[in-house]
Amino acid sequence: MAEFFANIPKIKYEGPQSTNPLAFKYYNPDEVIGGKTMKEQLRFALSWWHTMGGDGTDMFGCGTTDKTWGEASPEARAKAKVDAAFEIMDKLSIDYFCYHDRDISPEYGSLKETNEKFDELIDYIAEKMKADPSKKLLWGTAKCFDHPRYMHGAGTSPSADVFAYAAAQIKKAIDSTIKLGGKGYVFWGGREGYETLLNTNMGLELDNMARLMKMAVEYARSKGYDGDFYIEPKPKEPTKHQYDFDTATVIGFLRKYGLDKDFKMNIEANHATLAQHTFQHELRVARDNGFFGSIDANQGDPLLGWDTDQFPTNAYDATLCMYEVIKAGGFTNGGLNFDAKARRGSYTLDDIFYSYIAGMDTFALGLRAAYKLIEDGRVDKFVDDRYASWNTGIGKDIIDGKVGFEELEKYALEKGEVTDSLTSGRQEYLESVLNQIMFTL
Ligand code: XUL
Ligand code: CO
């Protein structure tokens, strides 16, 4: 089989002093941190759409990277993509991958033909996985937002025919996920939202979105699927308003429709910032409510208001992310999927390796720093102490449900002014502790 990256060696860990651009400085896959190897803790995944298909095309110009993998026909190209993907994963020591159905194999003349060709490719991937069992599917999904039929949405389309078509497509994508042993299935509502309420029955659209998800769960469970379903929140883009706005909104939706036992969150950093939240905020909301699942690791640009899907290089954000992941008990079925693409100007195929190394090292750094932050204990202790008034006395009585408004009024009248009960928030001090941890790793 042709080697696509003959000039790229298997990427090794050389440590923080290394200046070799094709080496890991922080990611040492088999090093044990917090009782597990870094590989087990981080569960890195390759995103098929960006890495194997994304060629730099944007609204202002054509692609800058050749992602044809040397093949002109769609069938041969799809197969070459599989070979190239497995070579990339092998050279980077990435164990997982994620895909949309159409990333694996494009649409052909009819759904029947599309499905047949898709099945062939899934069989081919299954063979490759058999030959190298270290490679696993993190999650699958269906691309129900690309084709013109989905211009008004898929599950939220005003057309019942489109809903049915989407259901058929999702059924097939679930079948493929099960076949490849995936333990995750993602719903990112590509066009599940609206442009104007003047033409939109929002109530019906949300009910229908829930109906589609319920059918997906019933179908997958009937086929023995015991993995997780994820919703990936995003507030806008492509539609003006996306229904899965942010984690809190999605949790409300899942609880309303009784989907909360089957679904967790797939949180993407750049989607968090588009919703005017920090990445850590979204993870915290998920963790506190028992919905932490998986992560799309990337970052946006604070000066731009769209989804730039940059490779994550902000070590502070990665540290606070991994802090939340550790506090959530680590990944179970989820992982860190690089839903990220090299900038249009980083156009060589070798840039795939430079950008993954950058992203993987950033999260390895984040993992190391997060454990250090927890072991150091100053931040956690500060937070515990800040809320100490809830452990005894009136605070405990409130938590235990022993007092109501009458008792609290009596307490306040007797106590008098309470400003003296407060302590400083010490934000600057805590930020300096984080700096100290980051720079003395
Ligand atoms: C789009 C996005 C998607 C999902 C999968 O912003 O993040 O690629 O991750 O559909
Ligand atoms: Co994503």
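Questions and answers on this predicted model follow.

Me: Which protein residues are donors of the cobalt ion (ligand 2), and what is the geometry of its site?
Reply: The donors from the protein lie 1.9 to 2.1 Å from the cobalt ion (ligand 2) and are Glu232 (OE), Glu268 (OE), Asp296 (OD) and Asp339 (OD). Angles among the six donor atoms run from 80 to 169°. The site is therefore classed as follows, given that six donors count as octahedral if opposite ones are over 155 degrees apart and all others between 65 and 115. The geometry is octahedral.

Me: How many residues apart are glutamate 268 and aspartate 339?
Reply: The donor residues of the cobalt ion (ligand 2) follow the spacing E-x35-E-x27-D-x42-D. Glutamate 268 belongs to strand β12, while aspartate 339 sits in the loop between β14 and α12, so that the pair links distant parts of the chain, 71 residues apart.

Me: Is aspartate 309 buried or exposed?
Reply: Aspartate 309 lies in the loop between β13 and α11, and has a positive phi near 50°. Because its relative accessibility is 7%, aspartate 309 counts as buried.

Me: Is glutamine 276 buried or exposed?
Reply: Glutamine 276, in the loop between α9 and α10, has a positive phi of about 65° although it is not a glycine. Its relative accessibility is 71%, so glutamine 276 counts as exposed.

Me: What accessible area do the residues of the nonpolar surface patch have together?
Reply: The patch is formed by Val383, Tyr387, Trp390, Ile398 and Ile399. Isoleucine 398 is in helix α14, and counts as partly exposed because its relative accessibility is 35%. Together the patch residues have about 470 Å².

Key:
Residues are numbered from 1 along each chain as its sequence is written. Chains are lettered from A and ligands numbered from 1 in the order in which they are written. This is a predicted model: local features need pLDDT of at least 70, side-chain atom pairs count only at pLDDT 80 or more; totals for chains, interfaces and linings use all residues. Side-chain values use heavy atoms; hydrogens and water are left out. Patches are made of residues with over 30% relative accessible area and no salt bridge: like charges are joined within 9 Å, nonpolar side chains (Val, Leu, Ile, Met, Phe, Trp, Tyr) within 5 Å. Accessible areas come from the Shrake-Rupley method with a 1.4 Å probe; for residues, only the protein chains shown count as cover. A salt bridge is a side-chain nitrogen of Lys or Arg within 4 Å of a carboxyl oxygen of Asp or Glu. Helices (H or I, at least four residues) and strands (E, at least two) are DSSP runs, numbered from the N terminus. Buried means under 20% relative accessible area, exposed over 50%, partly exposed in between (1.4 Å probe, protein chains only). Donors are N, O and S atoms within 2.8 Å of the metal (3.2 Å for Na, K and Ca); water is not among the atoms, so sites may look incomplete. Four donors count as tetrahedral if all angles lie between 85 and 135 degrees; four count as square planar and six as octahedral if opposite donors are over 155 degrees apart and all others between 65 and 115; anything else is irregular.
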